Every structure is written in structure tokens, then in C-alpha cells.
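Visitor: I would like to learn how to read a few features in a structure. Can we go through them one at a time?

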Amino acid sequence: MTQELATRYPLVMVPGLLGFVRVVVYPYWFGIVSRLRQGGAKVFPVMVSAVNSTEVCGEQLLQQIERILRETGAAKVNLIGHSQGALTSRYAAAKRPDLVASVTSVAGPNHGSELADYLGRSFPLGTVRRRLLNGSMRLMAGLMRLLETGYRGPKLPIDVDASHQSLTTEGVALFNHRCPQGLPETWGGQGEELVNGVRYYSWSGTLQPGRSDRGRNRLDGTNVTCRLFARTFTREVGHCDGMVGRFSSHLGTVIGDDYPLDHFDIVNQTLGLVGKGADPVRLFTEHAERLKAAGL
Ligand code: CA
């Protein structure tokens, strides 16, 4: 085994909404965790509530971090969060910066998701259609809980409305007020890389007609879904990955924000079916090299 990706601190991978470690034999971080491990990195894909507020998920993550530190004897961890997992990671780092070497946001809605805003407008609280939407989310979360084989721990609570509120522009603005570390001061800018001893990084992609919808993505239903979801965007119209806007994803040092990757491609979903010329796994290996070079 080679050691080129052997970071000083373990890599803790934090999933987003409806996240999982492994459904039957299928991993969330498809081809990513295995590739990082081949390079000598210690990698821990963790589980938090599949549908809940960032704060609830963040507290669960802190418990997992403490467990990983006990098991490995490491002093800190590097957190890598996808989608809402980026907010969950930011929460943990804001509360316990002493335990966190870095936070990396991968397609994180760091200024909210316009898709969540649209759902809030179209499915108002207290309506039948909202109850149906919430019911289907609970059903999916329950089904995935049954099929989960990578997480063995207590049953994690589900709260659909709290999760939704944690992803809207308004909800994330409240969260950002309490956890401002690494946020850019201007829309579209970069944030401070080093805050309270924690390094902050981000990357994200955008839908690019002729690239992200070609290649193996022609066979992938999640790409079609992202293209449909992208129609709900008004502020970052034409500049989103289907769920998160390009500038909304900015946190700390922005490694890149226009890779031709939709919101699922960026974690090599589904089954590595991604658009033309895209290599999401390489972004993770390059980042492990970056963390290692920074002594993290
Ligand atoms: Ca895909």
C-alpha cells in the first residue's frame, strides 16, 4: 500500500440529506473511500440522522468524532461533508474547534438551497401536499434505515420539517449567524481559510449542457432529476448543480465551483456514472494530498 494520501489526521466523511454509509452493499461515497484508503488514508464514513436539523446531526457527529479519536488515538479529525453534511461539519467545528483540523464542504448549501426555498413555497406547512411530501421523506428514510448495513448504532431520530428549515436560505442564514467560521464576506467571494485553528475549504459543480448531461450520465436518473430541480432556481439560475447554487457553496478557500458535476456526480453517484470529462474521485485524492501537504 502506498502512503501518498496518508493524512496526519483521519478523514471523517459526513453524508447529507437521506445519507447513509452503505445501503445493502452500495456505499454513499462510491469509489471514493476505497480509493483514499488505497493511498494510505484512514477514512471513516459516518452516519447521522438521515433527515433532521443541522444542529441535531452536528451533535451526533461530535459523538462520532470523539469515538474515532478514542479508537485511533488521533488528536483531531479532518471533516469532509457533502451537501447538508457540510453544514453538519461546520456545526461540529464551530463547537469543538479543538477536535477539528479542517472542514471541507463538497457541494454544501452554505448560503441555503434554492430548491429548499421552492419546496417551502410550493408545499406550505399545514397543507395536505406538505404532509404527503413529509410522509414520502419519512418512508424513504425508513426504507433506507432497513437496508443500511454500514451503520450499527442506536436508531437516529427523523424530523422532516427541521431538516427542511435547516436547508432554506432563511434557515441557513440563522445558522450562519451562529456558525460564521469560513464564510465569505461578499457574495461569490472566498472565506478565511484558517479560523480558530480550523482550515476551511470548499468545492462544487454546476450543470453544464453538453458536458454534465453527456457521457455515462445519459444513463443516470439522478442527473435528469438535477436538471428538473435546477428549474426551481431564480437567484443562481443556470449556475447550480440542481440542488445547490455555485456561489451558495462557497466556504473558506474555494478549490473550484464550476466542475461539470451535478449534486450527485460530485460524490461519484450513481455507480460512477458522471458526465463527459469529469473525475469526481480525483478531486478527493487531490484534496487528501493538499491536507497532507498542509500537515493536517
Ligand atoms: Ca451521475
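Predicted model: local features only at pLDDT ≥ 70, side-chain atom pairs only at ≥ 80, totals over all residues.

Visitor: Start with the metal. Which residues coordinate the calcium ion?

Guide: Look for the donor atoms around the ion. Asn-217 gives OD1, while Asp-220 and Asp-265 each give OD. Gln-269 and Leu-273 each contribute O. The distances run from 2.2 to 2.6 Å.

Visitor: What spacing do the donors of the calcium ion follow along the chain?

Guide: The pattern is N-x2-D-x44-D-x3-Q-x3-L.

Visitor: Are Asp-265 and Leu-273 buried or exposed?

Guide: The cut-off for buried is under 20% relative accessible area. Asp-265 has 0%, so Asp-265 is buried. Leu-273 has 18%, so Leu-273 is buried too.

Visitor: Which peptide bond is cis, and what is its omega?

Guide: The general idea first: most peptide bonds are trans. Here a cis bond joins Gln-269 and Thr-270, with omega about -5°. Gln-269 is also one of the calcium donors. Thr-270 sits in the loop between strand 9 (253-259) and helix 9 (280-293).

Visitor: On to helix packing. How do the axes of helix 3 and helix 7 cross?

Guide: Read the axis distance and the angle together. Helix 3 (residues 84-95) and helix 7 (residues 169-178) have axes that come within 11 Å and cross at roughly 20°. Therefore helix 3 is roughly parallel to helix 7. The crossing of this pair is left-handed.

Visitor: Which residues of helix 3 and helix 7 meet?

Guide: From helix 3 come Leu-87, Arg-90 and Tyr-91. From helix 7 come Val-172, Phe-175 and Asn-176. By class, the contact has four nonpolar residues, one polar and one charged.

Visitor: And where do the axes of helix 2 and helix 3 come in, by distance and angle: what are the values?

Guide: The axes of helix 2 (residues 54-72) and helix 3 come within 8 Å and cross at roughly 65°. That crossing is right-handed. On the helix 2 side, the contact residues include Cys-57, Leu-61, Leu-62 and Ile-65. On the helix 3 side, they include Leu-87, Tyr-91 and Ala-92. The contact divides into seven nonpolar, five polar and three charged residues. Leu-87 and Tyr-91 of helix 3 meet helix 2, and they also meet helix 7.

Visitor: Now a single side chain. Is Arg-130 buried or exposed?

Guide: Check its accessibility, then its contacts. Arg-130 belongs to helix 5 (residues 128-147). Its relative accessibility is 6%, so Arg-130 counts as buried. Beyond its neighbours within four places in sequence, Arg-130 contacts Gly-120, Phe-123, Pro-124, Leu-125, Asp-161 and His-164.

Visitor: What about Gly-153: where is its place?

Guide: Gly-153 is in the loop between helix 5 and helix 6 (160-165). At 40% relative accessibility, Gly-153 is partly exposed.

Visitor: Last topic, phi. What is phi of Leu-18, and of Asn-196?

Guide: Most residues other than glycine have a negative phi. Leu-18 has a positive value near 55°. Asn-196 is positive as well, near 50°. Leu-18 lies in the loop between strand 1 (11-14) and strand 2 (22-23). Asn-196 lies in the loop between strand 7 (194-195) and strand 8 (198-205).

Visitor: Which is buried and which exposed, Leu-18 or Asn-196?

Guide: Leu-18 is buried, at 16% relative accessible area. Asn-196 counts as exposed, at 53%.

Notes. Residues numbered from 1 in each chain as written. Heavy atoms only, no water. Axes fitted to C-alpha atoms, helices over the stretch in contact; angles between N-to-C directions. Helix = DSSP H or I, 4+ residues; strand = E, 2+ residues; numbered from the N terminus. Parallel < 35°, antiparallel > 145°, perpendicular 65-115°, else oblique. Left-handed = near helix turned anticlockwise from the far one by under 90°. Contact = heavy atoms within 4.5 Å. Nonpolar A, V, L, I, M, F, W, Y, C, P; charged D, E, K, R; others polar. Donors = N, O, S within 2.8 Å, 3.2 Å for Na, K, Ca; no water. Buried < 20%, exposed > 50% of the residue type's maximum accessible area, 1.4 Å probe, protein only.
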